Amino acid sequence: MSRRWAILIGANACGYDVNLPSLRYAEDDARAVRAVLLDERIGTFDDGDVDLFIGDGATWREIKARLRERVLESRPSDVLLVYFAGHALVPEWGTQSDAYLVTADLEADGLRREPDNGLRMAFLKRDVFEAFAGTSFLILDCCHAGVYLDSELRHTEAMQTYRTQVDRHSALLACPSGAAARESEEHRQGVLTHQLLRALRGEAADPSGKVSFAQMATFVAEQGIHPAPGQLVHMWGPTTVLTQPPVSRHERQSLTAPVNSGTIRPCKNPLDDLSSSITQLLGRVFRSQSRPPRSAQQAGHAERVEVIRYALEADSVAVVESSPTGIGQVTSTARFNKEELRPLLELSAADTTLVRTSSPGHVVADDAGRRILCVPLSQKNSRNLTLAVVDPALAALDMGEPLATMLRAIWNSDVRDDPVHAEMQVLTALRSAYGRLPVDLYSHAFSLYQKLIESLTMVFQPVMSLDRRPAGVGIHSYEALARRLETDVRAPVAALQMAYAWGDRFVIERDALLLAKAIDSYAEADVASVFDVTKPISVNVAVRSLLSDAYIAQVRTAITEANLDPRTVTLEISEQDPIQPDPGEVWPQEPLTYFHRRLTSLARDLEISFAVDDFGVGYSSLARMAELPLTQIKVDRAVLHHPLAVEELDLVTRVARYASDLGHAPNPRAVIVEGFDEQAPVTLKQIYDLRIRHVQGFICGETASTSLRPLGQSVRDRIAAMVRGDDD
């Protein structure tokens, strides 16, 4: 059975001969934390397991004795929480790598002779948290709290031992080393503790209402406290719950059990221990209010290195190019000194050449303690481009390879002008590199991707009907296309394709959002157009979306709410998507047969049509084109530039006529040639002579637009002449 202990300390007074002002709220803060932990509704600790040391009772002897008692009794499933509110003291004779928590009986003058006569941070590390068998947590709401983190990261033998053994320990620290924590007169509490209590009382809760240590720490860090709190979240920090929704004590089960009855918890992810650090880094890059302001002199690459420098609290950052002729500087922040760093840069260049395909980055260091995080960005011939981060925060370096993966993605993104897309690029890079992300980061990515897709604009590209007579040339239908801006010529391919790195949920959500946006926008454009009847509209869809009942429900809802005739709607299935079950998925029939039956059922129930898109690329096959119940076949522009383009187009038209030639269909399926322009080696006359009556592309003189406009007379005359071959 897991045991959960808390030792809470609050000291307003400052011991003997300690030249520090008395505090007003530290003892009340400790009482308030105790009240939350023992709260009958949300608390997860029991009365006898929470020790409160306040006022004259907060003596270092009693506190150390109780801490050691808990350590000696501990088992791997136990939890220990230590909270301190008060002052911290760094003696003048001491080093900045250690400090004392000021208790009521601390005698500062005697510490020089008896340095262990006090509650020392080194004692907490070495004799408490390092020795505790279970999971431990520390909260310091005091001045110099960051000393705890700084000393933990120093490269001394003792600290290295601490770092390797205490992987189930996390800490929340009110301020950096040398800085002061503050009390709030408005709230009559310590500033850190006020936000901590808000978090524990439910403001940092997950969807189930639980607040873990990591969620609490992240919430506090996001409240804009100055100076900014520090945090160290290791194993079990994200999963150990401190408060939870109301349940009776008799019904409460162990919160540290691997899986509670009726719940599902995924296997531990290698990135779980880094979830908080990744979230913090993303926040500093994309959302921090204290991020360096944009300047006219900084744009593009220069701006990105400055953002990276700020996010990692580095001394400087640069992009350098190494080649057989030496090391060049592409861009850098102000303090970067290439000549001073040349030995380390040359060492990095040699390593990059040897292992550029096996590691996303490496750290080079010298005896003076200077470190450079080097992230290879690109390699062409013998020239290597590398991001060099000089003396980043050591806590950031602990992230290891995921940090390098994120930095490369940040460098390749538009951080300032397109932050949503840029952040999705970073998360997708992590997803691609490590297989999956912790649940909180996955959920954040899903919400972010929804926001990205919702920001897109739908435009409509006309599909032309061909004829030898100008009167017969016109607009047959439209295809809905996603664009970042209406004026963009190209599709936001990266934004659309990144869904495949995340799996079906993202793909289906993407298609559902775009379908709803396309149908709604098209209905509005149709009302405003001069056409007497509604032209057909086609929308792209992935194979996996058509297998989703949720997506089909969205199709039905969108068409109904737009009051659009479903017979005008065609869903275009990309040939770049395979028609096959996912690994572990079993279909009751052969893939084409199963998918054929699915489309037949949907066409009957929804009264919509289906088409093959991008024929000629990806998973194109005559069987796929011939066997699926399609109303039209769209041929990719790549076919036009094939040496046997005319022969391939002829084959497509014969397949399109196959069912009607046998008497199984009243009309042949329409063939539409996509991407036709004046550079195409195949002429409109050749296409028309093959009995292809529709093309789509810029040849019509109409770019994709949010509005629906008919072809002008001059355009119809020109197209008809090209169909007749008058310009040959």
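User: How many helices and strands are in the chain?

Analyst: The chain has 25 helices and 26 strands. Both kinds of element are DSSP runs numbered from the N terminus: a helix is a run of H or I with at least four residues, and a strand is a run of E with at least two. The model is predicted, so local features need pLDDT of at least 70 and side-chain atom pairs count only at pLDDT 80 or more, while totals for chains, interfaces and linings use all residues. Residues are numbered from 1 along each chain as its sequence is written, and side-chain values use heavy atoms, with hydrogens and water left out.

User: What share of the residues in the chain is buried?

Analyst: A residue is called buried under 20% relative accessible area, exposed over 50%, and partly exposed in between (1.4 Å probe, protein chains only). Of the 728 residues in the chain, 52% are buried.

User: What share of the contacts in the chain, among those with a separation of 6 or more, joins residues 24 or more positions apart?

Analyst: A contact means heavy atoms within 4.5 Å. Among contacts in the chain with a separation of 6 or more, 70% are between residues 24 or more positions apart.

User: How is the packing of two helices described?

Analyst: Two packed helices are described by the angle between their axes and by the distance between those axes. The axes are lines fitted to C-alpha atoms, for helices over the stretch in contact, and the angles run from 0 to 180 degrees between N-to-C directions. Angles under 35 degrees count as roughly parallel, over 145 as roughly antiparallel, 65 to 115 as roughly perpendicular, and the rest as oblique. Take helix H14 (residues 439-454) and H17: their axes are 10 Å apart and the packing angle is about 25°. H14 and H17 are therefore roughly parallel to each other.

User: Is the crossing of H14 and H17 left-handed or right-handed?

Analyst: A crossing is left-handed if the near helix is turned anticlockwise from the far one by less than a right angle, and right-handed if clockwise. H14 and H17 make a right-handed crossing. From H14, the contact uses Tyr442, Ala445, Phe446, Tyr449, Gln450, Ile453 and Glu454, and from H17 it uses Arg505, Phe506, Glu509, Arg510, Leu513, Leu514 and Lys517. By class, the residues of this contact of H14 with H17 are eight nonpolar, one polar and five charged. In this scheme Ala, Val, Leu, Ile, Met, Phe, Trp, Tyr, Cys and Pro count as nonpolar, Asp, Glu, Lys and Arg as charged, and the others, Gly among them, as polar.

User: Is Arg510 buried or exposed?

Analyst: Arg510 sits in helix H17 (residues 504-528). Its relative accessibility is 7%, so Arg510 counts as buried. A polar atom of the Arg510 side chain lies 2.8 Å from the backbone oxygen of Leu496. Neighbours within four places in sequence aside, Arg510 is in contact with Tyr449, Ile453, Leu496, Ala499, Tyr500 and Ala542.

User: How do helix H8 and helix H13 cross?

Analyst: Helix H8 (residues 275-286) and helix H13 (residues 419-434) cross at roughly 155°, and their axes come within 11 Å. That makes H8 roughly antiparallel to H13. The crossing of H8 and H13 is right-handed. Ile278, Leu282 and Phe286 of H8 make the contact with Pro419, Ala422, Glu423, Val426, Leu427 and Leu430 of H13. The contact of H8 with H13 divides into eight nonpolar, no polar and one charged residue.

User: Which residues of H1 and H6 meet?

Analyst: The axes of helix H1 (residues 26-37) and helix H6 (residues 191-203) come within 11 Å and cross at roughly 10°. H1 and H6 are therefore roughly parallel to each other. Asp29, Ala32, Val33 and Val36 of H1 meet Thr193, Leu196, Leu197, Leu200 and Arg201 of H6. This contact of H1 with H6 has six nonpolar, one polar and two charged residues.

User: Where is Pro76 found, and which residues does Pro76 touch?

Analyst: Pro76 is in the loop between helix H2 (60-73) and strand S3 (79-85). Pro76 is exposed, with a relative accessible area of 54%. Residues up to four places away in sequence are not counted, and Pro76 touches Ala133, Gly134 and Arg168. Pro76 and Thr135 are 59 residues apart in sequence, and their C-alpha atoms are 7.4 Å apart in space.

User: What is phi of Asn563?

Analyst: Asn563 has phi near 55°, a positive value in a residue other than glycine. Asn563 lies in the loop between helix H19 (549-561) and strand S22 (569-574). At 70% relative accessibility, Asn563 counts as exposed.

Notes. A polar contact is a pair of N or O atoms within 3.5 Å; within protein, one must be able to donate a hydrogen and the other to accept it, and residues adjacent in sequence count only if both atoms are side-chain atoms.
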